[in-house]
Amino acid sequence: MTNEGRPYAGASREVRESARREQIIAAGIELFGTQGYRAATVGAICETAGLNKRYFYESFAALEDLLVEVYERVVADLRAAVLAGGAADSGGSETATETPDAEAMAVLRGFMGGFLGWAQENPIFARVHLFEVLGVSGRIDELYRRHGRVIGGELADALCVAVSGTVLTDTRRRVLGDLLVGAGIQIVVDWVIGDYQPPRQELLSEIESTLGWVLAAGAIGEG
């Protein structure tokens, strides 16, 4: 990267500051997602960005503030992937529209397919989300929970749309979202640590079979 923002000669101060901020964020993503947040320093971030240390404090008061911005971008990318996966899979096969259970399964399959694919294709982003933000501070923990609740709520809403006539109370919507996100994260963490084994499609098939068993057990219990 270039030093001191020289390529931006002639640009306004705001443009130069914005460009330097983006360089710092890109460096944060790279270092947090490879070396880890706890191993990173302001000096290392600035060296990677090709900027003097004083430019870090132009945009961020502390390293944790940079982690917040990095995490916001990582989660936005993940959210787009899992919601796109759900939209692509929902109704994507003939069986997906035959029964309410099949439609719900399509939403869940899309969510997990999108999450697994995102983690494998974006290992730097995945490390930040799955490992580097955990236990940093109460502030980061709350940010992590808040984003989980947002994504969980959107998935719960997608399931309600798939199963027409379903209405969730606010409490049940939140509990369902927590279950979906919590289970999804645990599966993906184990998969990443296990070097992406079994292969993604094999794991997705096992997840679908297990969810099918759960749905069937629930139907028997209701009977």
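Visitor: How many helices and strands does the protein have?
Guide: It has nine helices and zero strands. Both are DSSP runs, numbered from the N terminus: helices are H or I with at least four residues, strands are E with at least two. This is a predicted model, where local features need pLDDT of at least 70, side-chain atom pairs count only at pLDDT 80 or more, and totals for chains, interfaces and linings use all residues. Residues are numbered from 1 along each chain as its sequence is written, and side-chain values use heavy atoms, with hydrogens and water left out.

Visitor: What pattern does the protein follow along the sequence?
Guide: The pattern reads α-α-α-α-α-α-α-α-α.

Visitor: What share of the residues count as buried?
Guide: Of 223 residues, 39% do. Buried means under 20% relative accessible area, exposed means over 50%, and partly exposed is in between (1.4 Å probe, protein chains only).

Visitor: What about contacts between residues 24 or more positions apart?
Guide: They account for 69% of the contacts with a separation of 6 or more. Contact means heavy atoms within 4.5 Å.

Visitor: Switching to cavities. How many of 30 Å³ or more are there?
Guide: The structure holds one. On a 1 Å grid over the protein atoms alone, a cavity is a set of points where a 1.4 Å probe fits but cannot get out; a pocket is an open set with protein on both sides within 12 Å along at least five of seven lines; lining residues have an atom within 4 Å of a point.

Visitor: How much space lies in the largest cavity?
Guide: About 40 Å³. A volume is the space filled by probe spheres set on the points, which are joined across faces, edges and corners.

Visitor: Which residues line it?
Guide: L108, R109, M112, L204, I207, E208 and L211 line the largest cavity. Helices α5 and α9 each give two or more residues to that lining. The most come from α9, with four. By class, the lining has five nonpolar, no polar and two charged residues. Nonpolar covers Ala, Val, Leu, Ile, Met, Phe, Trp, Tyr, Cys and Pro; charged covers Asp, Glu, Lys and Arg; the others, Gly among them, are polar.

Visitor: And the second largest pocket, how much space is there?
Guide: About 260 Å³. It is lined by 19 residues, and the closest to its centre are Y144, G148, R149, V181 and I185. Elements giving two or more lining residues are α4 (63–89), α5 (100–121), α7 (138–162) and α8 (170–193). The lining has ten nonpolar, five polar and four charged residues.

Visitor: Where is R200 found?
Guide: R200 is in helix α9 (residues 200–222). R200 is partly exposed, because its relative accessible area is 25%.

Visitor: What is R200 in contact with?
Guide: Beyond neighbours within four places in sequence, R200 contacts G113, L116, G117, Q120, E121 and W191. The C-alpha atoms of R200 and L116 are separated by 7.0 Å, though the two are 84 residues apart along the chain. The R200 side chain also reaches the backbone oxygen of G113 at 3.4 Å.

Visitor: Is R20 buried or exposed?
Guide: R20 counts as buried because its relative accessibility is 6%. R20 lies in helix α1 (residues 13–34). Its side chain makes a polar contact with the side chain of E58 (2.8 Å). A polar contact is a pair of N or O atoms within 3.5 Å; within protein, one must be able to donate a hydrogen and the other to accept it, and residues adjacent in sequence count only if both atoms are side-chain atoms.
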